[in-house]
Amino acid sequence: MKETIGFRPRGDDAVIITFGTAINEETNQAIRRFLFAIEKNGIKGMIEAIPSYTQLTIIYDQQECYYEEMLDQLYEIRRQLTSIEIPEAQTVKIPVVYGGEFGPDLATVAKYNGLSEEEVVTIHTSENYLIYMLGFTPGFPYLGGMDQKIATPRLETPREKIWAGSVGIAGNQTGIYPIESPGGWQIIGRTPLKLFDRDRSPEILLKAGDYIAFYPISEKEYLEMGGTL
Amino acid sequence: MKTQASLTVSHPGFFSLIQDGGRKGYQAFGVPESGAMDKEAAMIASLLAGNPKEAPVIEVTVMGLELEVHEDLTIAITGGDLGPQVDGMPVPMYQTVKIQTGSRLRFTGLRTGARAYLAFSGTMKADNVMGSYATYTRGNFGGLDGRKLEKGDSIVIEPKETAFKRFDASVLPGYGQTEIRVILFREDEAFTGEGIHTFLSEPYDISNQSDRMGYRLSGPLISHREGADMISSAITFGAIQVPGHGQPIIMMADRQTVGGYTQIGRVISADLSVLAQSLPGKTLTFKEVSLREAQNLYRQRMNQINKAFSVYE
């Protein structure tokens, strides 16, 4: 593993740590391991760490550390990686009302793939999806692992407004909209959970490196869980 | 807790926002950094006002903010010269100034730069979300209800006494500076030699499609080696993305945290202030510097800033 982890500057106050070029669970796990090692050891001058598919970007206070001083600390962490115990990834269960007004494109996804709506739901709820990273909007998860059998192209004309909590499919990806925004994903359902709630601690429900599992609920359960219409 | 207005917005201006040193530690969750576009000017305003260096300030863009003053306050204005006046009299910038109850503070028009920073001695009441007062308008949070200032808004300050201070602004770069220094991401090998040469030798105009999220530039096309997409990774302040159309976009305070366009390099920290004070229509050129040079330039700047304050008790 050690050989595949590299470092390079990203301007005068950032370093990117590279973990190869393959987007897969192993790469994600290596990034997660590095993050835990940073948490355990601490890095002098670090402001924050931003994980992405194959990289970890460290933003640092350049008045406190020159690049070379950051590198020395990162080399040290790389040396200690094999001895780091990392906790098992969490799986966050996401209740979803599928179809109807909550998932106006469920029929489209079913038809496109020659399946019934029930089959689409069964396939969508049968996987655990790895959260590779968060981005796009606050709390938006980039998920891996969706079954190709329900892959569907984006809408030709994006919608002006997608409700917060909407669960969608775009190509071979699935995702959840944390805040109301425009978007072109095929919307198959909606969760009452708030992926982003500024008044909650933590404000963001999901974390890179964890997993998501969807499960179907009724409209009544959606309302009981605090979902809004 | 005090709720009575210290100031009322009688004219909101073009785009006025409560900002601070930025939202730190949440980019891993997809939350943009936001904060002042010109972090140096915002910091200097806060320090002049006797506040912590990343305290909330009002970022006034281009023109027009007008405030009615309901209580005696000490203020400091830095950044672009937007013609600040109190009751028709020019207000000196880069020093503490006392303003009286019943007066009217107005930004009359742009002379230099693009953004002025207004700090009040004491504590400004604002919406703190994830450890920061910065307004992120696309997410509707921070600052004043997550939006720009509007007519009739109240601004509440818990004022405090502070020593009279001045800042010698001659240590700052002139906002007319057109050469922007960059560190190139040569190791990414995303661009052709010709593409890099074009970027470093040709002029680029800041287009009208520029805002707090990013500046779109227009100029000669920059050629990629193999396409404009890469595996999505973090986007830092000043990162220069080049999408498939070959025109660069410089990512600014409200940028997305991750993105999949190739990046040719990054503006050095010491030149971010000039960039933040540049408006659409300005023509920029780019010069490559080394990482160590960039880091030394930034340290030098910060040392000069620290030494440029004088305090009169």
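This is a predicted model: local features need pLDDT of at least 70, side-chain atom pairs count only at pLDDT 80 or more; totals for chains, interfaces and linings use all residues.
Local features were taken at pLDDT of at least 70 and side-chain atom pairs at pLDDT 80 or more, whereas totals for chains, interfaces and linings use all residues. Residues are numbered from 1 along each chain as its sequence is written, chains are lettered from A and ligands numbered from 1 in the order in which they are written, and side-chain values rest on heavy atoms, with hydrogens and water left out.

Over all chains, the search of the whole structure returned 21 aromatic pairs. Rings of Phe, Tyr and Trp (its six-membered ring) are paired if their centres lie within 6.5 Å; planes under 30 degrees apart are stacked, over 60 edge-to-face and the rest tilted. The pair of A:Tyr53 and A:Tyr132 is tilted, because the ring centres are 5.4 Å apart and the planes stand at 55°. A:Tyr53 belongs to the loop between strands S3 (46-51) and S4 (55-60) of chain A and A:Tyr132 to strand S6 (residues 129-134), so the pair ties together parts 79 residues apart in sequence. Strands (E, at least two residues) and helices (H or I, at least four) are DSSP runs numbered from the N terminus. Both A:Tyr53 and A:Tyr132 are buried, that is, under 20% relative accessible area, with exposed over 50% and partly exposed in between (1.4 Å probe, protein chains only).

Two arginines of chain B are placed over the ring of A:Tyr66. The charged end of B:Arg292 sits 3.7 Å from the ring centre, and B:Arg299 lies over the face of A:Tyr66, also at 3.7 Å from the centre. A charge is over a ring if NZ of Lys or CZ of Arg is within 6 Å of the ring centre and within 35 degrees of the ring normal. In helix H4 of chain B (residues 291-307), the buried residues include B:Arg299, B:Tyr298 and B:Met302. The 17 residues of this helix should span 24 Å, in agreement with the 25 Å between its end C-alpha atoms; the expected span is 1.5 Å times one less than the number of residues.

Among backbone features, the peptide bond from A:Ser201 to A:Pro202 is cis, with omega near 0°. A:Pro202 is located in the loop between strands S12 (186-190) and S13 (211-216) of chain A. In chain B, the loop between strands S11 (122-124) and S12 (154-155) contains B:Met130, a non-glycine residue with a positive phi near 50°. B:Met130 is buried, at 5% relative accessibility. B:Asn140, in the loop between S11 and S12 of chain B, likewise is not a glycine and has a positive phi of about 55°; at 56% relative accessibility, B:Asn140 is exposed.
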